[in-house]
Structures are given as structure tokens and as C-alpha cells.
Amino acid sequence: MTETSMQKSEKKTGRQLFISGLLVFAAVLLDQATKWLAATRLKNSPVELIHGVFELRYLENDSAAFSLDPISILHRIFHFKYFDANPQGFLAFKMIFFVLFTVIVALVLIRFYLRIPWKKRFWPVNLIVLLLLAGAFGNLIDRVVHRYVIDFLYFSLIEFPVFNVADIYVTVAAFLLVFVMFFVYKDEDLDVLFPKWRKEEHADAE
């Protein structure tokens with residue numbers, strides 16, 4: 001079997017893509033359901049699940065995941081006068097930036113996902129991409145619908161930034177990605193996942 005025919009045979013089928021889409025949809029639905037519950041039950045009454053450690057606290061977050069906001073950081077450094085005079089314009093700019101950034105990232109992830117073989121060996125990285133997509137879409141829906149992201153999970157013991165289920169998807173995916181890249185996949189696996197990049201790397205080494 002030639003390399004081209006092998007690549008075609010490893011492409012995901014329509015059924016496999018349907019299953020993938022269903023998994024992402026279910027994960028996004030769970031995220032949105034928990035946010036709806038938070039908005040309807042927690043707005044005026046936080047719930048302490050573990051005293052002094054963990055609670056459910058409603059928060060409308062106009063920043064990025066875990067309140068990490070590169071736009072606000074840049075604004076604090078350079079002090080843009082227009083944004084100082086127009087706080088609503090500043091919020092609108094942040095929302096547009098986050099929406100566009102999320103869409104671009106999602107398109108890159110989808111393109112990458114279509115190239116990953118549907119083999120047991122690569123199931124972890126398939127799952128990682130699906131988790132990243134679910135996290136991205138979960139918070140993207142909030143930004144488009146509300147112009148802010150609903151957060152409600154809070155570790156009060158360490159005063160960790162309030163977060164949500166979509167943030168958990170992204171965090172778990174990031175840890176899994178680091179783990180499989182350093183402890184699971186070998187050079188030949190990386191050649192499959194990143195063929196162009198690996199070819200250039202091998203060519204430079206020669």
C-alpha cells in the first residue's frame with residue numbers, strides 16, 4: 001500500500017465524524033446546562049459545598065478562561081485612552097477579539113482532527129482535540145449570547161479564579177496533551193500527527 005492510499009484509508013469515515021460531533025455536542029450541552037443552573041439558582045445565593053474549601057458562586061466573566069485576559073493586560077501596560085473613555089467599547093472589543101480568536105482556534109483544531117487516524121493508538125489525541133473543541137464552543141456560546149462567560153466553580157481555600165465546565169475540558173485536555181506527547185507517543189507517532197513539521201525538522205537535521 002502506497003503512502004497516499006494509506007493516508008486515505010486512515011481518514012475518518014462519516015460515521016466516525018458523526019460520533020465525534022455527537023460527543024462534542026453532548027459535552028457542550030452539559031456545560032450549557034450547568035451554566036443555566038448556575039444562572040437560575042446561584043445569582044443571589046452561593047452554595048458552600050465544602051466549608052472553606054469549595055463553593056458554587058455565580059460570576060459573569062468578561063475575560064478569558066480563569067480570568068486570564070491578554071487584552072486587559074495590554075491595556076494596563078499601554079493605557080489606551082479610547083478604552084479609558086469608552087468602557088463599553090472596551091468590553092465590546094474584548095468580546096469581538098475572543099470570538100474571532102475562538103473561531104480561528106476551532107477551525108485549526110477541526111482541520112487537525114480530520115487528519116488524526118481513527119486508531120486505538122491515537123484515541124487519546126482524538127479525545128484531547130474533542131475536549132478542546134467542546135471547551136471552546138461552550139464558552140463561545142456564552143460570549144455570543146450573553147457577551148460574558150458564566151463561571152460558578154470556586155476553590156475558596158486557595159482563592160482560585162472562578163471557572164466552569166468548559167474550562168475544565170480545556171485544562172484536562174492540556175494536561176493530557178503534555179502527558180501523551182512526553183510519555184506515550186514516540187517519534188514515529190509524531191511523524192503521523194505532524195507530517196509536514198516533522199519532515200522539515202528531519203530535513204534541517206540532515
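This note sets out points on the nonpolar core and the nonpolar surface of a predicted model.

1. The largest nonpolar core comprises 32 residues. Within this core, the residues with the most contacts are Ile116, Val125, Val129, Tyr185 and Leu193. In soluble globular proteins, nonpolar side chains tend to be buried together.

2. Several elements build this core: at least two residues each are supplied by the helices α2 (14-41), α5 (87-115), α6 (123-146), α7 (165-183) and α8 (187-193), and by the strands β2 (54-61) and β3 (149-155). Helix α6 provides the largest share of the core, namely seven residues.

3. When neighbours within four places in sequence are left aside, Val125 is in contact with Phe112, Ile116, Tyr185 and Leu193. Of these partners, Ile116, Tyr185 and Leu193 are, like Val125 itself, listed among the residues with the most contacts inside the core.

4. Helix α5 includes Thr102. Thr102 counts as buried because its relative accessibility is 12%, and the limit for that class is under 20%. Residues up to four places away in sequence not being counted, Thr102 touches Ala136 and Leu140.

Technical notes. Residues are numbered from 1 along each chain as its sequence is written. This is a predicted model: local features need pLDDT of at least 70, side-chain atom pairs count only at pLDDT 80 or more; totals for chains, interfaces and linings use all residues. Side-chain values use heavy atoms; hydrogens and water are left out. A nonpolar core is a set of buried Ala, Val, Leu, Ile, Met, Phe, Trp, Tyr and Cys residues joined through side-chain atoms within 4.5 Å. Buried means under 20% relative accessible area, exposed over 50%, partly exposed in between (1.4 Å probe, protein chains only). Helices (H or I, at least four residues) and strands (E, at least two) are DSSP runs, numbered from the N terminus. Contact means heavy atoms within 4.5 Å.
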